[in-house]
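Grab a pencil and work through these exercises with the model open beside you. Each one has a task and then a solution in steps.

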Amino acid sequence: MAYEKLAQPLTLTRGPSWKNRFMLAPLTNQQSHDDGTLSDDEYNWLVARAKGGFGMVMTAAAHVQRVGQGFVGQIGAFADEHLDGLSRLADGIRENGAVSSVQLHHAGSRSDKAVVAHPVSASDVEAAGARGLSTDEVQRLRDDFVAAAVRAEKAGFDGVEVHGAHGYILAEFLSPEINRREDRYGGSPKNRAQLVLEIIDGIRASCGAQFQLGLRVSPERFGQKLLEIRSLIADVMAGGKLDYVDLSLWDVRKVANDPEGKGRPLIDWFMDLPRGGTQLGVAGKILAADDCAWALEKGCDFVAIGRGAILRHDFPKRVLADAEYTSPPLPVTEQHLIDEALSPTFVHYMKNWKGFVAEPA
């Protein structure tokens, strides 16, 4: 039953339905230009996934401030100079049958020093050489997330996802370990979530009624507290302002590390939350048809595919054609990845993933 559901359209509160339950996870690929404008390589990588059958195709993290750049070759959404490329990309994704989204991002203290010499964060992070933002700067950051969403809508994208996961700046605000602020953006869990909530409100107020809005969160690592993230997700789903939550679990089958998790599978902490009209999806080592069906059987509405989509541009088509499908075993050759529409730059980046790319013979 769950396997058959993968092929069913997903209707969201706003905007177009996704033709199936597969979302391309936002994946760092380092393929765009130094100024954040779209490259042909990044265009080709993403449009190939639309051709490959994904119901929704999301860009890599797109930084909303120049100081928020996380890595070399990151696509940008912080200036109008990015509009032409974003418009081209939105058109290419739509023409190939997928709904489109830009992931909005600020790297915070995790910025690569090669691109940001003086990073910023929720509070000072000495190990990263990052300073805490002033209250005025926090509000500017909020406004820049909103402005980037408006820019994505103007470019023709169907929606945006706010990146609140993986230790980047919004996750730093959520963390009681990193966020030591004494203004209204620090202290209680409610205050530490305030920036995320204000960004959601701002995008809803500034973009069209049918513009889709998602939020990515991760409940572990980087100073996150499982039960606080569970409470945040419960609140935002109940609030009705989001169309979906994208829950990054590192591994959808893993047991919670947080002592509060009581040894339960991490996914089980979220499936029982009332959703209203908000769809809930998961990401994390979903590499086979069985993984996809298992996630829907658990109660997810969709699956976000990362490395499975790197290995096969047409992962959804393969899964829907074969209930026994599994991704190619690792490592794969450089030529395999080139054939799947990764540029040599992206292939070089993938060599940072231990055991992913085979050494040349």
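**Exercise 1. Which residues does F270 touch, leaving out those up to four places away in sequence?**

Step 1. Pick the cut-off: contact means heavy atoms within 4.5 Å.
Step 2. List the partners of F270: P219, L226, I229, R230, I233, L247 and L280.

Before you go on, two notes. The model is predicted, so local features need pLDDT of at least 70 and side-chain atom pairs count only at pLDDT 80 or more, while totals for chains, interfaces and linings use all residues. Residues are numbered from 1 along each chain as its sequence is written, and side-chain values use heavy atoms, leaving out hydrogens and water.

**Exercise 2. Describe how α4 and α7 meet.**

Step 1. Recall what to report: two packed helices are described by the angle between their axes and the distance between the axes.
Step 2. Find the helices: α4 is residues 135–155 and α7 is residues 194–206. (Helices are DSSP runs of H or I, at least four residues, and strands are runs of E, at least two, numbered from the N terminus.)
Step 3. Read off the geometry: the axes come within 9 Å and cross at roughly 35°. (Axes are lines fitted to C-alpha atoms, for helices over the stretch in contact, with angles from 0 to 180 degrees between N-to-C directions.)
Step 4. Name the residues: V138, L141, R142, F145, V146, A149, V150 and E153 in α4 meet L195, E198, I199, G202, I203 and S206 in α7.

**Exercise 3. How are the rings of Y244 and F302 arranged?**

Step 1. Know the rule: rings of Phe, Tyr and Trp (its six-membered ring) pair if their centres lie within 6.5 Å; planes under 30 degrees apart are stacked, over 60 edge-to-face, and the rest tilted.
Step 2. Apply it: Y244 and F302 are 5.9 Å apart centre to centre with 85° between the planes, an edge-to-face pair.
Step 3. Locate them: Y244 sits in strand β8 (residues 244–248) and F302 in strand β10 (residues 302–305), 58 residues apart. Both Y244 and F302 are buried.
Step 4. Look around: ring pairs link W18, Y244 and F302 into a cluster.

**Exercise 4. Where is S109, and is S109 buried or exposed?**

Step 1. Find the spot: S109 is in the loop between β3 (99–105) and β4 (120–121).
Step 2. Check the area: S109 has a relative accessible area of 12%, so S109 is buried.
Step 3. List its contacts, again skipping residues up to four places away in sequence: P119, V120, S121, V125, A128, A130 and E172.
Step 4. Compare sequence with space: S109 and G167 are 58 residues apart in sequence and 8.4 Å apart in space, C-alpha to C-alpha.

Methods. Buried < 20%, exposed > 50% of the residue type's maximum accessible area, 1.4 Å probe, protein only.
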